[in-house]
Amino acid sequence: MLMGYLISVPLIFSLLLFAIKDRTSINGKIALVASLLTLGLALWIARLYLSDPSGFPVFHPDFFHYLGIEFKLSLDGLSLLLLMLTTFLFPLIIYSGVGGEPRRNSFYALMLLMEMALIGVFTTTDILLFYIFWELALIPIFFIAILWGGDNARAITFKFFLYTLVGGLIMLAAIIALYVHTGGSHSFAFADFYRLMRDPRAQIWILSAFFVAFAIKIPIFPFHTWQPDLYQTAPTQGTMLLAGIMLKMGIYGLFRFVLPLCPDTLDRWGFVLIALSVTGIIYASIIAIRQNHLKRLIAYSSLAHVGLISAGLLTRTFYGMEGAMFQMISHGINIVGLFICYEFLVRRTGTGEISSLGGIASNAPVFATFFMIILLGSISLPLTNSFIGEFLLLMGLFQYNPIVAAISGLSIIFGAVYMLRMFQRVMYGPTTEYTIHFKDLNTNEVIVLIPIVVAIIWLGLAPGSLIDIATPAVRYIGSITMQIIDY
Amino acid sequence: MAEYIWLVPLLPLIGFIFIGLNLKRLKGINAGLIASVTVASAFLFSLLLFFTYDNQSGGRTIELFKWIEVHRLSVQFSFLVDHLSILMLLIVTGIGTSIHIYSIGYMKGDGGFNRFFSYMNLFVFFMLILVLGANYLILFIGWEGVGLCSYLLIGFWFKNHAYNDAAKKAFIMNRIGDLGFLLALFFLVREFGSVSYFEVFGKASQLPSGTTVLTLITMLLFTGAIGKSAQIPLFTWLPDAMAGPTPVSALIHAATMVTAGIYMIARSNLLFLLSPVTMATIVAVGLATALVAGSIAIYQQDIKKVLAYSTVSQLGLMFVALGTGTFAAAMFHLTTHAFFKALLFLGAGSVIHALHGEQDIRRMGGLKIKIPFTFLLFLIGTLAISGIPPFAGFFSKDAILLGAFQFGPVTGILTTAAALMTAIYMFRLLFKVFYGIPRFAENASHPVHESPASMTWTMSLLAILSIVGGFFGLPHFLGGSDRFAAYLSPVLATPIEGTRSESINLLSEWMLVIIPLILVIGLVAYSWSRFVKRANERGDALGNGWMVRWVSNKFYLDELYEAMIQKPVMWLSTFLHEKIEIGIIDKLVNQTGTLVVWIGKNIRYIQAGNVGYYLFYMVISIIIILFFNLFK
């Protein structure tokens with residue numbers, strides 16, 4: 001039943017916000033309360049789950065039985081981690097808007113709707129329901145980006161919408177094909193699907209369909225061109241949703257469906273997908289170096305980071321999969337941290353152009369410190385969360401092929417290049433007309449950044465808390481798909 | 001005692017956090033005092049440990065907590081206490097304490113005083129993690145952590161973009177080496193299933209010498225050392241790193257951080273001894289670096305740059321010692337070098353302080369009378385580094401030369417040449433700064449003055465160590481018992497018999513001492529006549545040939561890197577973004593969309609609302625269907 005509450009709380013508050021009159025002074029607070037309630041519930045659920053993982057109840061209301069489609073929500077390690085990420089980030093994303101532009105009710109209502117859809121995506125155990133939540137999550141972000149977006153928001157958002165909608169439809173086709181082409185009666189439950197379809201000739205189509213859908217969402221090179229534009233034009237809170245949580249849907253999908261459904265094809269063709277991901281890492285890292293807009297720079301850096309995640313995951317080695325799990329979480333935290341810093345910066349300067357900024361560190365040492373720690377997390381310095389993730393991912397890639405690992409590893413050099421270059425130009429040097437009156441962070445803003453920074457260091461110091469949750473899920477998916485290389 | 005070893009890094013960490021949280025609240029020199037006290041306490045603890053640690057059990061591993069545990073890989077957060085780490089502890093905390101105290105005087109009045117000390121404490125913390133770690137991954141935490149602090153401290157005066165560039169360059173060049181290091185770790189995990197020293201060395205020692213994978217591992221580890229310890233081809237960041245405040249140069253870029261590569265290889269001596277190819281490479285790289293950097297040092301005009309290149313050159317000599325298998329000699333030189341190079345840098349700082357920021361030696365001269373105490377200390381440092389007995393450098397350099405000659409005569413002669421260069425550039429520096437006529441403008445409001453006591457006293461301590469430090473390792477033929485090597489012997493393996501050409505007899509040992517000594521004295525005399533007596537007749541430059549131009553411009557290496565790496569990457573960045581990203585990939589995506597729109601546009605004419613057309617399509621369709629059914 002708890003899972004039911006979990007998904008209804010954001011939904012109810014969302015509807016409430018849609019219903020009541022616009023009050024810019026309190027709507028943010030209502031949304032914050034809703035997201036905190038959801039976080040509380042999620043924490044409670046996590047405790048319940050961890051005390052007895054196998055006995056965790058499935059939420060299964062008798063909505064409908066049709067064609068074996070069932071409304072089922074449950075948890076395993078993978079779902080739990082993404083649920084925690086989602087519910088942890090939402091309050092911060094909402095809170096980061098305090099002191100920014102006032103928004104209408106619908107803005108927050110859409111955000112909460114999005115939270116509900118994301119929770120659904122990560123916790124459902126029915127593949128058709130997964131598809132429904134998947135597309136449902138697209139609607140709020142579409143409106144957020146198009147209604148509150150900056151320059152050229154309509155065209156850019158529309159492109160994104162169509163692009164990922166097409167991906168979604170291809171996935172739907174694959175789901176139906178899978179369902180229809182396999183004999184016997186079975187449901188749409190994941191577990192049933194894992195037992196289907198071992199015919200390698202059909203697998204390649206299924207693999208391609210799923211992969212394209214997820215590759216667009218993540219995005220993986222060369223399906224990424226919607227991303228930098230959208231990140232730039234969307235309101236920053238929307239960008240946080242996109243980069244911090246929504247793209248994890250794609251990686252989650254790779255994990256849940258591509259790996260277990262198409263093992264034979266991956267054995268033969270996995271290298272192509274890994275090659276695409278690795279190309280993306282280098283490609284995006286190099287492009288990031290010369291980006292002049294902060295949001296675009298972060299967008300390309302994100303592209304490089306998720307390229308590494310998908311490459312490591314697709315090696316289907318134990319370390320690679322474990323690293324992908326870990327890095328999904330780290331990446332979510334770090335990139336939201338970066339965008340929060342961006343938000344605070346733009347609020348004061350009105351510009352995200354790197355060349356217009358400079359010298360902020362001398363006016364705002366507190367801001368500089370937070371920004372620096374988050375940046376260090378993002379370039380994976382040891383004792384930050386993403387070091388653990390990248391270490392495991394690169395180790396997985398190394399087991400797959402040392403040369404590939406060496407090439408992917410170049411990202412740690414490029415990462416330092418573009419991030420430090422950016423930091424230098426934004427924070428150091430002489431002040432400019434935009435930054436001369438830069439005020440340091442206020443209490444509200446510090447409160448938003450503290451959880452991020454604590455999470456970055458905590459996960460870097462004690463990664464076990466997260467790894468232990470991930471391991472059973474990795475073993476489970478691994479037992480279906482994997483070529484564990486055992487060392 | 002050893003089980004409380006975690007206190008040692010914890011103290012500076014607490015200092016860092018406390019100062020960091022109270023950046024605005026701490027007034028006056030309080031931050032400096034707090035920082036110094038934490039490091040000094042760590043030093044006292046290390047001293048106690050040094051005297052009480054009993055080596056019966058070999059090294060002791062202190063496990064703190066499980067850090068990473070995935071699948072078969074289990075990495076403990078654990079410290080290793082043995083003679084090598086105790087030695088490094090003493091150096092780091094000892095030199096660290098003196099430089100902290102010195103900095104109180106040096107940084108007084110700087111707007112970033114508190115920030116400076118928080119970074120310094122953080123640096124000491126990471127450096128201690130580096131030397132204490134009981135496995136390669138903990139070492140790597142410190143390894144990257146000190147890189148970060150180096151970055152922060154080089155760019156300490158961050159309003160100046162030239163300094164920031166230097167800081168960034170240091171970090172990135174280090175990261176290049178770090179990638180090699182990481183790959184070495186993956187190989188270690190693959191081959192030995194662990195990254196802990198004990199397990200790796202235990203398993204590696206059962207492999208035959210020269211195994212390919214060991215060569216690979218050691219080569220990759222050495223790549224890491226090249227970055228961190230500024231060797232060819234990654235040494236150009238170190239001279240630029242002099243942008244940082246001078247105490248930083250003394251602590252990080254002379255005494256401690258840059259020697260991390262030496263420490264790491266000495267720590268892994270077992271692996272390296274099993275890889276003769278890597279050992280030979282280390283000798284070659286170290287020797288080339290020592291010669292190149294030594295020759296560049298002769299032509300520098302910036303007091304700190306001379307010292308920086310000198311550091312690179314001395315590090316090269318330490319690598320020669322490592323490569324020839326005389327690990328104890330490398331560690332010995334590391335230790336004495338920490339004393340006298342820190343002293344020299346602090347002396348340089350004192351000179352710069354006295355001249356209110358002047359660093360160009362062309363605008364110095366005659367300072368012997370103005371700041372006699374600094375002069376005396378600088379002189380001691382110079383004598384020590386040049387290898388003049390009985391100062392510290394003499395003994396450690398002798399140990400390295402001995403190893404080099406045992407490795408081979410050519411190596412020996414070249415190493416001697418590199419060591420002799422020290423005398424030239426150091427005495428040139430000494431003479432140009434302290435002798436001759438003053439070449440600086442002194443005005444009444446800013447008189448040239450001796451540094452405050454906190455600075456001179458700490459320098460005196462280092463000076464004493466530079467004088468007596470060598471006696472810790474007094475070799476046998478001079479009547480000593482080489483206590484230094486004996487102390488490290490439980491940790492450092494001795495080279496396998498047969499890798500050395502022949503053992504050297506007593507006569508040759510004496511020759512090795514006397515011949516270089518005569519040459520050094522000759523060179524000092526030459527420098528005296530060249531830079532003091534006849535300084536004016538021949539002007540400043542040492543010559544103007546193409547060789548000189550090449551050398552004084554550090555062989556145009558920076559320009560080469562810019563042309564070969566930086567520019568192409570920048571070009572590629574623009575190319576990928578404009579031509580590939582926008583020009584091809586995105587265009588394709590957009591054209592797919594346009595195509596759909598185009599199809600829609602054209603197809604809609606079919607549904608134009610004309611009933612006649614609809615009937616026509618219907619009839620045609622029926623005919624086609626019938627037609628198909630007919631032939632089925």
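Which domains does the domain assignment of chain B give? The assignment lists domain 1 (1–134), domain 2 (135–552) and domain 3 (560–630), with bounds that come from an automatic or database domain assignment. The model is predicted: local features need pLDDT of at least 70 and side-chain atom pairs count only at pLDDT 80 or more, while totals for chains, interfaces and linings use all residues. Residues are numbered from 1 along each chain as its sequence is written, and chains are lettered from A and ligands numbered from 1 in the order in which they are written. Taken over C-alpha atoms, the centres of domain 1 and domain 3 of chain B are separated by 63 Å.

In chain B, the axes of helix 4 (residues 113–132) and helix 5 (residues 136–154) come within 7 Å and cross at roughly 155 degrees. Helices are DSSP runs (H or I, at least four residues) numbered from the N terminus; axes are lines fitted to C-alpha atoms over the stretch in contact, with angles from 0 to 180 degrees between N-to-C directions. Helix 4 of chain B is therefore roughly antiparallel to helix 5 of chain B, a term for angles over 145 degrees. Residues of helix 4 including Tyr119(B) and Phe123(B) meet residues of helix 5, among them Trp143(B) and Cys149(B).

Between the chains, 41 residues of chain A are in contact with 41 residues of chain B (C-beta atoms, placed from the backbone, within 7 Å). On the side of chain A that touches chain B, helix 17 of chain A gives the largest share, ten residues.

Methods: Helices (H or I, at least four residues) and strands (E, at least two) are DSSP runs, numbered from the N terminus. Angles under 35 degrees count as roughly parallel, over 145 as roughly antiparallel, 65 to 115 as roughly perpendicular and the rest as oblique. Two residues are in contact if their C-beta atoms, placed from the backbone, lie within 7 Å.
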